[in-house]
Amino acid sequence: MKIVSHNEELLRDAHSRIPQSSSRTSLSSCNKLIRFEDISAAAFKIQCGVQKTPCMHSRLSKQYGMDIYLKKEFLQYTGSVKERGVLYLLTSLPQDQQKKGVIVSSDSNFSMAVAYHASELHIPVFVIMSTSTSPAKVKMCREYGAMVISYGTTTKDSQTHARRLAQENGYLYLEEEDSAVYLSGLGTVGLEVYEQVPKLDAVIFPAGGHCGLLAGSAAALKHLNPHVSVIGVESESFPVLQQSLKAGHPIEDQACSNHHFYGDVSGLCFGNNSLQLTGKLVDKVVAVREEDILISMLRLLEYERATIDAEGAIGLAALVAGKLPELKGKRVAVVICSGNLELHLLQQCIARALTLDNRVCRFSLVLSDCPGDISKLLEILAREEARVLDIKQEHTFVTSELFTVEVTCTVETRDKIHTAQLRNALLERYPTAAWTER
């Protein structure tokens, strides 16, 4: 957590008061690594403000050969685990600062959590968003009770404006980082998982640029049982945590900043506290492909009836991709930390996932332009129990002989085996049929 203020000491961690200056101050440089007592204190203080989300046995267990329990943090009011750290932070502020108010400058899950909980605590809250922010997020933030101001065309513009407003009006500028207070709040997830799943063997968390949940929860879990494996999962596209652990200090990957699909997993916001805790307590960090994340989102939608974003699905993606074979036959909890998938992405993600899962396929073939030929094709598809999603005919630009029609079909099948059966049946009748590779 990064804090900007004037002349006040704003937060205490478990050991000492944190000094403030007139310039931007990083709390992570002031705090010691969190203790189990800090997390327990956070759990007591926020118990009435956030949900104790269920950690339920999943029907996916049989499919992946292990007992899978899903910690459903997407059921928090704002759809994100970030509420835990934010609420503990806000309730730790001095009364005079609570009266002045707080200000944030992004459209992330963190900002949404600040908007909601500050309003609930009757703390004036201002959210500065760039003009490129989706209208849905602006609307949601206002409904949570925040004063939303659109400023600038980029995130950097809105951040600069927010800092200026903080200095001029005495607001507290908040930006997600890794103070002991914030990590302790996030670490309460580890406490709950350990309590809810007996004889736990491993817990899987999202990692990447935002590894506060991983680090804080690892501190709780390893204190309760050092034999529980704690595993972080990040994207292969920008493995910033693995690179930072190898280098021994936080490394920023500019290519991953503000990635609209990955959301809060992309970019860099962890500091030395999170990195030290991760290096000391986390047993393993693995990376997964975008394709695995999409299929994970599809599995959660089908088996759990949950619309989950990339950050929430990335932990399960490690099991989907077979990255953790050592967990076969074990009891594993997976933290589903976020469910804020924007509607314009939902259709694209599901359509792509069905294709990757070999359940939607496309083929084209050339038929004679005679009555009944297309009917025969449809009869084959019906016999093979394939569902036709789309069918198109092209006469004008067909390059083969006259009086032919090129037909392109998109069909839905049950699984990879069903797709192979359909392909064989079509090639037997139409040897020149061409399949569009995914």
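**Helix H10 and its surroundings**

Guide: The buried residues of H10 pack against helix H9 (212–224), strand E10 (229–235), helix H11 (272–281) and strand E11 (284–288). Helices (H or I, at least four residues) and strands (E, at least two) are DSSP runs, numbered from the N terminus; contact means heavy atoms within 4.5 Å. The model is predicted, with local features needing pLDDT of at least 70 and side-chain atom pairs pLDDT 80 or more, while totals for chains, interfaces and linings use all residues. Residues are numbered from 1 along each chain as its sequence is written, and side-chain values use heavy atoms, without hydrogens and water.

Visitor: Which residues of helix H10 are buried, and what puts them on the same side?

Guide: In H10 (residues 240–247) they are Val240, Leu241 and Ser244. They lie on the same side of H10 because their arc around the axis, taken from the directions from the helix axis to the C-beta atoms, is only 95 degrees.

Visitor: Why is Asp107 called partly exposed?

Guide: Buried means under 20% relative accessible area, exposed over 50%, and partly exposed in between (1.4 Å probe, protein chains only). Asp107 has 31%, so Asp107 is partly exposed.

Visitor: Why do E14 and E16 count as edges of the sheet?

Guide: Four strands form an open antiparallel sheet in the order E14-E15-E13-E16. Strand E14 (387–394) and strand E16 (434–435) each have a single partner strand, so one side of each lacks a neighbour in the sheet.

Visitor: How do you know that E14 and E15 pair?

Guide: Pairing requires at least two bridges found by DSSP; E14 and strand E15 (residues 404–412) have seven, in the antiparallel sense.
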